[in-house]
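Colleague: I would like to go through this model with you and hear what stands behind each term. Please put it up first.

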Amino acid sequence: MPKILKNLLIFLTIGVCFVYLGYRVNKIISPPLLIINSPLTDLTTDQTSLNVTGRTEAEASLIINGQTVLTDKSGDFSPIISLKNGINIITITANKKHSRASTITRQVLAKEP
């Protein structure tokens, strides 16, 4: 009986190690969290600029319309972008070193005041 218990304990320890390893690998390769608070989907505005706000993971790099944007320690960001008259497509992409990118696209219609 002690030999069976010993083998069972070794098997459980190895199993826990594999589960933990799988969790860590998944966390590394999964796309980063990306939440956009503003602008809302299909926004219409008469402004010439827009504050894009949201949050991503702190270690992720953030690109808005091809421009790198800095985030604070917690991953919050709020750059102001210029709008042209008509439909503006805003593409926000967050990417970690070894993961897939997480991308959100918003359309903003800018009208003359």
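This is a predicted model: local features need pLDDT of at least 70, side-chain atom pairs count only at pLDDT 80 or more; totals for chains, interfaces and linings use all residues.

Colleague: What pattern does the protein follow along the sequence?

Modeller: The pattern is α-β-β-β-β-β-β-β-β-β-β. Helices (H or I, at least four residues) and strands (E, at least two) are DSSP runs, numbered from the N terminus.

Colleague: Why is the protein called more spread out than a compact globule?

Modeller: Its radius of gyration is 22 Å, well over the 13 Å that the globule rule gives for 113 residues, so the protein is more spread out than a compact globule. The radius is taken over C-alpha atoms, and the rule is 2.2 Å times the number of residues to the power 0.38. Along the principal axes, the C-alpha atoms fill a box of roughly 85 × 25 × 20 Å.

Colleague: Why is Ile29 called partly exposed?

Modeller: Buried means under 20% relative accessible area, exposed over 50%, and partly exposed in between. Ile29 has 42% relative accessibility, so it counts as partly exposed. Ile29 lies in helix H1 (residues 2–29).

Colleague: And why does Asp42 count as exposed?

Modeller: Because its relative accessibility is 54%, Asp42 counts as exposed. Asp42 lies in the loop between E1 and E2, and has a positive phi of about 55° although it is not a glycine. Pro39 is in the loop between strand E1 (34–38) and E2, and the peptide bond from Ser38 to Pro39 is cis, with omega near 10°.

Colleague: What makes E9 and E10 a pair?

Modeller: Two strands pair if DSSP finds at least two bridges between them. Strand E9 (residues 86–95) is joined to E10 by 9 bridges, and the two run antiparallel. They form a hairpin with 6 residues between them. Ile87 stands opposite Leu109 in E10.

Colleague: How many bridges join E2 to E10?

Modeller: Strand E2 (residues 43–45) and strand E10 (residues 102–110) run parallel and are joined by 3 bridges. Leu109 is the bridge partner of Thr44 in E10.

Terms used:
Residues are numbered from 1 along each chain as its sequence is written. Side-chain values use heavy atoms; hydrogens and water are left out. Buried means under 20% relative accessible area, exposed over 50%, partly exposed in between (1.4 Å probe, protein chains only).
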